[in-house]
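Biologist: Could you walk me through this one slowly? I have the picture open and would like to go from the details to the whole.
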Amino acid sequence: TDGDNVFQYWERNGGPFSTSLAITVEMLADLDLTAVYLSPVPPTQRTLNVNSPANNVPISVSLQDNNGRQNGSTDFSRIYDEGDTVSVSAPASHNGEAFQGWLRNGTLVSLSENITVTMYNDLTLTALYGRDPTADERRLLVSSENPDGNVPITVSALDNNGEQDGSTTFQRLYNQGSPVTLTAPLTAGGNDFSHWMRNGAAF
């Protein structure tokens, strides 16, 4: 470098000759050597936009941008040099809604709260939030007495995992309020059906 300028190449007798800092010439004739310096080309800057349909989601950003800014709350933008690598992290939940995934320029690319991007282009990351689909899920535990197991029970509805009938003891998961009908056999293990119990009480 010389001052703020950066070496580019040598000219020899008015034409480009070498991009090496050090050159060797054989003095068979008069020579005119010129070291050419130019102002450095500033790196291309890229914009990272971070937003969310949910308002004011606090987002952690691993790298300070060119303006000295880092973390933020949606929606915000950061400016980076082309090629910079940035890690972005969203909270697992926000205002009672669970994190659902990251969109990158409108395409779902990750279900993890943490995502890393390299700034080759302008990017928009969108943090998606919604109601936790398991928040209102209820467990149905089906067991038997005399015999204490292996009694086949018919179940009227598929549960949230696609399971239905089973043999005691088994469980099924349903959304709150789902109607489910259970049917026990008339006899099991040599004993006659007596009654159903619900949460430990005769039902």
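Biologist: Let's start with the rings, then: which residues form one aromatic cluster?

Modeller: Phe7, Trp10 and Tyr37 come together as one aromatic cluster, and please keep in mind throughout that we are looking at a predicted model.

Biologist: Okay, new topic. How many helices and strands does the chain have?

Modeller: The chain has zero helices and 22 strands. Its radius of gyration is 34 Å, whereas the globule rule gives 17 Å for 203 residues, so the chain is more spread out than a compact globule. Along the principal axes, the C-alpha trace spans about 115 × 40 × 20 Å.

Biologist: What share of the residues counts as buried, then?

Modeller: Of the 203 residues, 24% count as buried, and the accessible surface of the chain comes to about 13,100 Å², with 45% of that belonging to carbon and sulfur atoms.

Biologist: Let me pick a residue: is alanine 90 buried or exposed?

Modeller: Alanine 90 counts as buried because its relative accessible area is 10%, which is under the 20% cut-off. Alanine 90 sits in the loop between strand E8 (85–89) and strand E9 (93–94).

Biologist: Which residues does alanine 90 touch, leaving out those up to four places away in sequence?

Modeller: With those left out, alanine 90 touches Ile59, Phe99, Trp102, Glu113, Ala127 and Tyr129. Leucine 158, by contrast, is 68 residues from alanine 90 along the chain, and their C-alpha atoms are separated by 34 Å.

Biologist: Something on the backbone now. Where is the peptide bond to aspartate 75 placed, and what is its form?

Modeller: The bond from threonine 74 to aspartate 75 is cis, with omega near 0°, and aspartate 75 lies in the loop between strand E6 (72–73) and strand E7 (76–81). The bond from threonine 168 to threonine 169 is cis too, with omega near 0°, and threonine 169 belongs to the loop between strand E16 (166–167) and strand E17 (170–175).

Biologist: What about phi at asparagine 13?

Modeller: Asparagine 13 has a positive phi of about 55°, although it is not a glycine, and this residue lies in the loop between strand E1 (6–12) and strand E2 (15–18). At 48% relative accessibility, asparagine 13 counts as partly exposed.

Conventions: Residues are numbered from 1 along each chain as its sequence is written. This is a predicted model: local features need pLDDT of at least 70, side-chain atom pairs count only at pLDDT 80 or more; totals for chains, interfaces and linings use all residues. Side-chain values use heavy atoms; hydrogens and water are left out. Helices (H or I, at least four residues) and strands (E, at least two) are DSSP runs, numbered from the N terminus. The radius of gyration is taken over C-alpha atoms; the globule rule is 2.2 Å times the number of residues to the power 0.38. Buried means under 20% relative accessible area, exposed over 50%, partly exposed in between (1.4 Å probe, protein chains only). Accessible areas come from the Shrake-Rupley method with a 1.4 Å probe; for residues, only the protein chains shown count as cover. Rings of Phe, Tyr and Trp (its six-membered ring) pair if their centres lie within 6.5 Å; planes under 30 degrees apart count as stacked, over 60 as edge-to-face and the rest as tilted. Contact means heavy atoms within 4.5 Å.
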